[in-house]
Amino acid sequence: MKTEDIALFHRIVETGSILEAANLLNLPKSTVSRRLQSLEESLNLKLFHRQSRAITLTSAGSHFYEKTLVMLADLEQTLSHITDNKAELTGHLRILMFPIPQIMDVVNKIFAFMDQNPKFSIEIITSTEPLDMVRNNIDIAFMVNETFTELDMVAKPIISEEMCFFASPEYLDKAGMPVTITDIEQHNSILFRFPNGKTFSQVPLANDAMQAVKGNLCTNSIQLAYEATRLGRGIGYLPQGLCIEDIQQGKLVRLFDDLPPYIGVVFLVYPSRRFLSLAGQRLLDYMLTESSTQTTETVVINNKTWI
């Protein structure tokens, strides 16, 4: 019995299909079927009920899955301690990234990690749409809190950004300058919708306050919200780092200078119900070491963050 075949069995369970598992792992379906059959023969157990187009776990298969999750997690932890970060990494990681303005800062750190581990490969998927991390064989994700859709995820803060209100001089010439934060309710704002359906019709402010906004343009793209703000379509609630050059060049104006900025946080996330591979653990440790953000561990349950 090989641990690789046990891990393959996990992918089949998590995708619910031999074909989907084969596609995710870039293996022929026949190879996946043969390795599964070999695992069942070595165990002398039937792990799946096979139907015409679907497979379901047997009671023995379900028990084996739960027990081997813990076993593989312990094995990876043992290897991590024994190698003491000296063993050469191999394998492949799939990483999901919400398209944050600092995406290239994160990617460059990943590239540096790859340079230190040349036999190691990474697949980066960018999406504003949430994906089931287990079903899609995603090892690690970089997400903002509002995009969490799964239960029982471990999340560590990796990047923070000040969120502020901005407008173009052209918009202010036409609509006037809002003086107090409540004045924004009389202005056109660029609204942002997260993939889970949540719209920033109320935006978070510092100290857990909320402010109502309204507008005739809504988008799920930070970049598009930024461009629309630059074009005078309305007031944008944007990461300050994205707008620094525009402020210096007079293309954007930061509003409400006396208002403390809201701190948005990007988290490095992985599912707690699935073991994190040695490669995933090494990358996670590397990213946290390279980040200046406090690395307090956070468990996310029912879309709420608990520290």
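Q: What makes the buried residues of helix 8 line one face of the helix?
A: In this predicted model, the buried residues of helix 8 (residues 240-248) are Gln240, Cys243 and Asp246. Seen down the helix axis, they fall within an arc of 110 degrees, so they line one face. They pack against strand 6 (153-167), helix 7 (222-230), strand 11 (236-239) and strand 12 (253-254).

Q: Which exposed residues does the face of helix 8 turned away from its buried side carry?
A: That face carries Glu245 and Gln248.

Q: Why is phenylalanine 165 called buried?
A: Buried means under 20% relative accessible area. Phenylalanine 165 has 3%, so it is buried.

Q: How do you know whether tyrosine 237 counts as buried or exposed?
A: Its relative accessibility is 13%, and the cut-off for buried is under 20%, so tyrosine 237 counts as buried.

Q: Why is the pair of phenylalanine 165 and phenylalanine 256 called edge-to-face?
A: Planes over 60 degrees apart count as edge-to-face. The planes of these two rings stand at 85 degrees, with the centres 5.6 Å apart, so the pair is edge-to-face. Phenylalanine 165 lies in strand 6 and phenylalanine 256 in the loop between strand 12 and strand 13 (262-271), 91 residues apart.

Q: Why is phenylalanine 111 called partly exposed?
A: Partly exposed lies between the cut-offs of under 20% for buried and over 50% for exposed. Phenylalanine 111 has a relative accessible area of 40%, so it is partly exposed. This residue lies in helix 5 (residues 103-116). With Met104 and Ile124, Phe111 makes a nonpolar surface patch of about 260 Å².

Definitions and conventions
Residues numbered from 1 in each chain as written. Predicted model: local features only at pLDDT ≥ 70, side-chain atom pairs only at ≥ 80, totals over all residues. Heavy atoms only, no water. Patch = residues over 30% accessible without salt bridge, like charges linked within 9 Å, V, L, I, M, F, W, Y side chains within 5 Å. Areas by Shrake-Rupley, 256 points an atom, 1.4 Å probe, with all protein chains shown as cover. Salt bridge = Lys/Arg side-chain N within 4 Å of Asp/Glu carboxyl O. Helix = DSSP H or I, 4+ residues; strand = E, 2+ residues; numbered from the N terminus. Buried < 20%, exposed > 50% of the residue type's maximum accessible area, 1.4 Å probe, protein only. Arc of directions from axis to C-beta. Contact = heavy atoms within 4.5 Å. Phe/Tyr/Trp six-rings, centres within 6.5 Å; stacked < 30°, edge-to-face > 60°.
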